[in-house]
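Work through the exercises below with the model in view. Try each task before reading its solution.

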Amino acid sequence: MLAFFSNAAARVRRDEKGATAVEYGIMVALIAVVIIVAVTLLGGNLTTTFDKVACQVGGKTYTAAVPASGNTAAVAATCL
């Protein structure tokens, strides 16, 4: 009976590598979800920021888009 428990305990100790790999896989998946959500939420702001910087690096003036009152359609910003 003691040999059975000793063998079982030894098998459990050897199988920890598989459990660790699964834990790392779950962490990587959660990190990927966080990155996807952050990029989705901040994507529009980042695009505007990069467009503004690119315009200024080119020596031009960035004019922000301001929609007319009551107009819900997006107005594109310009780089003059």
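**Exercise 1.** Decide whether Ala54 is buried or exposed in this predicted model.

*Solution.* Start with the location: Ala54 sits in helix 2. Next, take its relative accessibility, which is 52%. The cut-off for exposed is over 50%. Ala54 therefore counts as exposed. Finally, look across to Cys79, 25 residues away along the chain. The C-alpha atoms of Ala54 and Cys79 are 9.2 Å apart.

**Exercise 2.** Find the disulfide and say which parts of the chain it ties together.

*Solution.* Step one is the count: the structure has one disulfide. Step two is the partners. Cys55 pairs with Cys79, and 2.0 Å separates their sulfur atoms. Step three is the placement. Cys55 belongs to helix 2 (residues 16–57) and Cys79 to strand 2 (residues 78–79), so the bond ties together parts that are 24 residues apart in sequence.

**Exercise 3.** Work out the handedness of this disulfide, then the exposure of each partner.

*Solution.* Begin with the torsion about the S-S bond of Cys55 and Cys79. It is about 100 degrees, so the disulfide is right-handed. Now take the partners in turn. Cys55 has 3% relative accessibility. Buried means under 20%, so Cys55 counts as buried. Cys79 has a relative accessible area of 37%. That value makes Cys79 partly exposed.

**Exercise 4.** List what Tyr62 contacts, leaving aside its neighbours within four places in sequence.

*Solution.* First place the residue: Tyr62 is in strand 1 (residues 62–63). Then collect the contacts. They are Thr48, Asp51, Lys52, Cys55, Ala77 and Thr78. One of these is Cys55, the disulfide partner of Cys79. Tyr62 and Ala77 are 15 residues apart along the chain, and 7.4 Å separates their C-alpha atoms.

**Exercise 5.** Which residues make the nonpolar surface patch?

*Solution.* The members are Val33, Val37, Leu41, Leu42, Leu46 and Phe50. Together they make a patch of about 600 Å². Val33 lies in helix 2. Its relative accessibility is 48%, so Val33 counts as partly exposed. Now turn to the whole chain. Its accessible surface is about 6,900 Å², and carbon and sulfur atoms account for 70% of that. Buried residues are 1% of the 80 residues.

Note on methods: Residues numbered from 1 in each chain as written. Predicted model: local features only at pLDDT ≥ 70, side-chain atom pairs only at ≥ 80, totals over all residues. Heavy atoms only, no water. Disulfide = S-S within 2.5 Å. Helix = DSSP H or I, 4+ residues; strand = E, 2+ residues; numbered from the N terminus. Buried < 20%, exposed > 50% of the residue type's maximum accessible area, 1.4 Å probe, protein only. Patch = residues over 30% accessible without salt bridge, like charges linked within 9 Å, V, L, I, M, F, W, Y side chains within 5 Å. Areas by Shrake-Rupley, 256 points an atom, 1.4 Å probe, with all protein chains shown as cover. Salt bridge = Lys/Arg side-chain N within 4 Å of Asp/Glu carboxyl O. Contact = heavy atoms within 4.5 Å.
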